[in-house]
2 protein chains.
Amino acid sequence: MNHTHVTSVGGTKSHRIFLLLKDAILSGRLPPGRKLPGEIKLAEQHGVSRVTVRRAMEALRESGLVARKPGLGTVVLEQPLDATVMTASVSNLLPNMVKMSQASQVRLLEFSYVKPSESVREELGLGAGDRVQRSVRVRMADGKPFSYLVTHVPEYIALNYNEADLTNTPLFALLERSGVLVDHASQSISATLATHEIAEALGVSVGSPLISLTRVVYDEEGRGVEYLDALYRPDRYRIQIDLNRTGDEEARYWEPRTPDAERAPQAREMSPDEA
Amino acid sequence: MNHTHVTSVGGTKSHRIFLLLKDAILSGRLPPGRKLPGEIKLAEQHGVSRVTVRRAMEALRESGLVARKPGLGTVVLEQPLDATVMTASVSNLLPNMVKMSQASQVRLLEFSYVKPSESVREELGLGAGDRVQRSVRVRMADGKPFSYLVTHVPEYIALNYNEADLTNTPLFALLERSGVLVDHASQSISATLATHEIAEALGVSVGSPLISLTRVVYDEEGRGVEYLDALYRPDRYRIQIDLNRTGDEEARYWEPRTPDAERAPQAREMSPDEA
């Protein structure tokens with residue numbers, strides 16, 4: 001039980017501390033120049049020995065996240081901006097198309113026809129015997145995976161495309177090509193931990209934080225035509241929401257900012273990551 | 001280094017497995033009725049002993065998340081919907097006002113005037129010598145914490161309110177009361193892990209997943225008037241985004257759904273959680 005295994009669920013305790021601090025640095029909560037607490041304080045906070053803390057610090061230094069400054073202690077270093085961070089604007093659901101189109105690839109991990117789970121069946125409004133086409137894809141930019149997409153599409157729609165289509169065409173385009181009249185979508189954003197399988201597919205440690213998005217797409221008759229479970233690496237993907245404060249003085253409220261005229265041509269394309 | 005400590009960063013390995021599976025169940029990725037992999041498979045996947053897996057299973061059963069079914073193995077149980085899950089719609093940034101107003105309290109953990117970090121200073125467009133008012137609040141519903149809010153407001157605005165104001169009035173209302181003409185806001189959503197301090201404040205295990213939201217609010221002259229770092233418990237908070245597919249046949253695109261007429265009165269109030 002005490003053997004160590006860096007990519008295992010527990011990892012070593014020092015690896016867990018490394019992950020936590022790395023996450024705090026990459027998310028900006030520990031900004032460049034910030035001094036980290038001392039070894040004794042960190043050991044106390046996390047209920048581990050100083051040796052464990054020291055190993056985590058070593059790993060942070062080796063990763064170029066922190067450096068020891070004489071007379072100051074260990075401080076956070078400026079991080080080079082990862083060129084492959086995508087930003088999806090909420091009004092167009094559109095990751096930066098320029099970056100995306102340059103080098104976006106798909107790995108299709110699964111393509112099958114299955115009986116849906118109870119919740120997928122309900123969300124899609126399917127009958128007891130209906131089947132769905134389930135696919136699992138990993139989307140990459142510049143060869144680096146950033147999203148893990150599990151989709152469910154009712155069988156009667158999915159029969160219009162095949163495995164090969166799914167590796168080179170966004171599912172959303174396949175739906176519209178199949179004659180589906182997409183009308184609206186409902187999305188919920190949350191956060192989750194990378195499990196073994198997903199960690200491997202996305203190239204992160206087990207237990208790393210992931211952005212989680214669930215989307216149900218409906219056609220003009222209100223039928224569910226796609227159920228998506230998407231997981232994103234937060235270091236390579238962000239969801240951006242811009243709002244305007246509008247209304248009169250009596251009653252002011254927020255409204256999502258719609259795409260600018262210049263951005264509209266982009267907004268009219270569906271993101272290759274989406275669906 | 002090998003002593004165990006349930007709330008420590010590593011926790012025990014069995015606790016980490018417990019956390020991962022609990023997260024998968026609460027997020028719906030392991031739906032009710034789903035059979036968990038066997039002990040041997042889980043032990044292999046996570047590089048731990050079967051004893052470790054067994055302990056994690058025990059903890060899941062004690063938490064009412066799974067049950068052993070004769071002849072079937074261990075299956076996921078239906079989860080009672082947590083009555084305190086908030087949903088913030090993206091168009092109004094508004095958690096369910098009914099639930100919120102019934103029982104929303106604030107714990108003010110910090111209130112101070114400080115020199116901002118480089119990134120906060122830049123986002124708010126402040127000068128080198130300018131100070132900000134920094135506050136840390138935990139927002140609770142029915143006595144249960146669901147968000148951890150760190151705000152930075154330029155000193156010249158913040159001097160218009162005090163500590164007591166912040167515990168009983170949303171910061172956003174205080175800004176408008178101070179004469180700030182709020183014009184627009186920019187938000188970014190991500191995911192992160194709970195560190196020691198935040199885990200304690202939100203009542204979760206260290207290393208649990210959290211929704212992370214960064215918001216900068218601007219006035220009519222484009223000056224930054226508030227910088228917010230918010231962390232949300234995903235089991236008690238969701239961000240909801242509804243979209244309509246609009247445009248003509250030549251060029252269709254997504255547009256955020258604006259609040260319905262009936263919902264508009266709510267949308268005009270600022271959420272007590274916000275800012």
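## Helix packing

Helix 2 and helix 3 of chain A run roughly perpendicular to each other, because their angle falls in the 65 to 115 degree range. The angle is about 110°, and the axes lie 9 Å apart. Helix 2 spans residues 39-46 of chain A, and helix 3 spans residues 50-62. The model is predicted.

Helix 2 contributes A:Glu39, A:Ile40, A:Leu42 and A:Ala43 to the contact. Helix 3 answers with A:Arg50, A:Val53, A:Arg54 and A:Met57. By class, 5 of the contact residues are nonpolar and 3 are charged; none is polar.

## Chain A overall

Chain A holds 10 helices and 11 strands. Of its 275 residues, 52% are buried.

Among chain A contacts with a separation of 6 or more, 60% join residues 24 or more positions apart.

## Aromatic pairs

Over all chains, the whole structure has 6 aromatic pairs. One of them joins A:Phe111 and A:Tyr113. Their ring centres are 6.2 Å apart and their planes stand at 90°, so this pair is edge-to-face. A:Tyr113 has 25% relative accessibility and therefore counts as partly exposed.

In chain B, B:Phe111 and B:Tyr113 also pair edge-to-face, at 6.2 Å centre to centre and 90° between the planes. B:Tyr113 is partly exposed, because its relative accessibility is 23%.

Chain A also has an aromatic cluster, formed by A:Phe146, A:Tyr232 and A:Tyr237.

Definitions and conventions. Residues numbered from 1 in each chain as written. Chains lettered and ligands numbered in written order. Predicted model: local features only at pLDDT ≥ 70, side-chain atom pairs only at ≥ 80, totals over all residues. Heavy atoms only, no water. Helix = DSSP H or I, 4+ residues; strand = E, 2+ residues; numbered from the N terminus. Buried < 20%, exposed > 50% of the residue type's maximum accessible area, 1.4 Å probe, protein only. Contact = heavy atoms within 4.5 Å. Axes fitted to C-alpha atoms, helices over the stretch in contact; angles between N-to-C directions. Parallel < 35°, antiparallel > 145°, perpendicular 65-115°, else oblique. Nonpolar A, V, L, I, M, F, W, Y, C, P; charged D, E, K, R; others polar. Phe/Tyr/Trp six-rings, centres within 6.5 Å; stacked < 30°, edge-to-face > 60°.
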